[in-house]
Amino acid sequence: MATYSLLVTANPYSSQGQLSAIQFAKTLLEQGHELMRVFFYADGVLVASRLHAPPADEINLTKAWAKLAIEKDIELIACVTAANKRGIVNVAEAERNALTGNNLDPAFEISGLGQLTEAMLNSDRLITFG
Amino acid sequence: MKSLYIINQPQKLNQALPFISEQDGILLIEDAVVVATYGSVQANHQTLYVLVEDLIARGLKDKVGVEQWNLVDYPQFVELTLQYDKSVSWL
Amino acid sequence: MMNKSICIVFNKAPYGSQAGRELLDIALMAAAFDMPITALFVEQGVYQLLKGQEPDILDIKNHSATFKALPLYGIEDILVEEDALQKFNLNVQELVEIDGLKTISSSHAQSLLANSDFILTL
């Protein structure tokens with residue numbers, strides 16, 4: 001049994017990267033491995049918004065990650081700098097930046113790049129989906 | 001160390017090849033799987049893999065050059081990431 | 001205690017994407033964790049190091065200055081792949097002066113990548 005972390009940089013609805021990531025995540029869990037953390041960076045942070053409304057007959061990636069995170073106790077972390085730039089903000093960052101709203105999905109956490117470095121140091125494998 | 005290079009765009013394979021060592025593996029996923037269906041790749045002894053779910057999605061499963069390419073599914077993809085010491089996504 | 005090493009690969013020109021900037025941020029954070037880091041410039045990534053960038057003409061922040069500061073953060077291995085310089089008609093004198101900047105062959109780049117514990121591209 002191995003411990004994995006994933007680095008996801010793909011724009012959720014513009015390319016296949018996040019679909020591949022979530023499929024990989026589900027498969028490794030089915031095989032009995034552990035998924036410690038999924039770190040969202042660059043365009044990957046966009047999935048952390050709770051305001052997505054994809055067509056009903058298509059996958060909702062935010063909900064799919066959230067479901068996996070809750071069922072399997074996985075940390076979903078979006079990088080604060082990448083998120084702020086791209087308009088993904090929690091209550092605290094919205095206040096700090098005097099923004100009129102916030103949109104972070106509750107299954108995700110906003111944190112720093114240190115969480116990625118830590119995931120590298122504490123996982124057996126880090127796989128990037130971009 | 002043996003590395004698994006994960007390539008997800010067709011044009012990235014040739015860009016990555018100069019940096020991939022003989023003992024490494026190369027896995028094509030997403031749009032890059034089309035590369036496994038035409039011509040032959042100037043690989044240098046690397047083991048070549050292609051993700052079958054991405055082939056099936058694109059209607060390409062029967063067009064793979066099976067002399068060069070090993071078809072793997074997602075469970076085998078996970079196994080490969082453990083078999084190789086590290087995975088490198090060449091974006 | 002063995003510390004895991006990381007090789008950050010810059011393979012894109014600056015400003016057309018955030019890749020250079022966002023990889024730099026990872027490099028600086030990893031340095032803060034005392035991970036041995038190599039910055040490797042290949043393909044169009046060598047343009048990240050070209051002297052005389054003036055992105056402010058486009059209201060874009062000039063991050064090439066941060067490359068100069070890498071040694072201050074403990075990142076001393078700044079490696080530029082020779083084939084890339086040749087392919088794009090550049091010579092090393094045209095790159096920003098950074099302590100520890102070296103040009104390397106593609107086979108050296110290959111073994112560096114083989115021996116690093118992590119490789120990141122964007």
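Modeller: I shall take chain A, where 74% of the contacts between residues at least 6 apart in sequence join residues at least 24 apart. Please bear in mind throughout that this is a predicted model. The predictor assigns the complex an ipTM of 0.97 and a pTM of 0.97.

Chain A contains five helices and five strands. Read from the N terminus, their order is β-α-β-α-β-α-α-β-α-β. The radius of gyration of chain A is 14 Å, close to the 14 Å that the globule rule gives for 130 residues, so chain A is as compact as a globular protein of that length. Its C-alpha trace extends over about 45 × 35 × 25 Å along the principal axes. Of the 130 residues in chain A, 46% are buried.

Apart from neighbours within four places in sequence, its contacts are Pro12(A), Gln18(A), Phe40(A), Leu61(A), Thr62(A) and Trp65(A). Leu104(A) is 57 residues away from Val47(A) in sequence, yet their C-alpha atoms are 9.3 Å apart in space.

Residues up to four places away in sequence aside, Phe40(A) touches Val8(A), Val45(A), Val47(A), Ala48(A), Ile77(A), Ala78(A) and Cys79(A). The largest nonpolar core has 108 residues, and Phe40(A) and Ile8(C) are the ones that touch the most other members. Helix α1(C) supplies the largest share of this core, with seven residues. As a general matter, nonpolar side chains in soluble globular proteins tend to be buried together.

In α5(A), residues 114–122, the buried positions include Leu116(A), Thr117(A), Ala119(A) and Met120(A). These four lie on the same side of α5(A), because the arc they cover around the axis is only 160°. In chain C the mean pLDDT is 95, and 98% of the residues reach 70 or more.

Chain A also meets chain B: 13 residues of chain A are in contact with 11 residues of chain B. On the chain B side, α3 (74–83) and β5 are the elements that give two or more residues, and α3(B) gives the most, with six. By class, that side of chain B comprises seven nonpolar, three polar and one charged residues.

Chain B touches chain C as well, with 11 residues of chain B in contact with 13 of chain C. Here strand β5 of chain B, residues 86–89, gives the most to the chain B side, with three residues. This side of chain B has six nonpolar, four polar and one charged residues.

Note on methods. Residues are numbered from 1 along each chain as its sequence is written. Chains are lettered from A and ligands numbered from 1 in the order in which they are written. This is a predicted model: local features need pLDDT of at least 70, side-chain atom pairs count only at pLDDT 80 or more; totals for chains, interfaces and linings use all residues. The radius of gyration is taken over C-alpha atoms; the globule rule is 2.2 Å times the number of residues to the power 0.38. A residue is buried if 20 or more other C-beta atoms lie within 10 Å of its own, exposed if 12 or fewer, and partly exposed in between; C-beta atoms are placed from the backbone. Two residues are in contact if their C-beta atoms, placed from the backbone, lie within 7 Å. Ala, Val, Leu, Ile, Met, Phe, Trp, Tyr, Cys and Pro count as nonpolar, Asp, Glu, Lys and Arg as charged, and the others, Gly among them, as polar. The arc is that of the directions from the helix axis to the C-beta atoms. A nonpolar core is a set of buried Ala, Val, Leu, Ile, Met, Phe, Trp, Tyr and Cys residues joined through C-beta atoms within 7 Å. pLDDT is the predictor's confidence in each residue, from 0 to 100.
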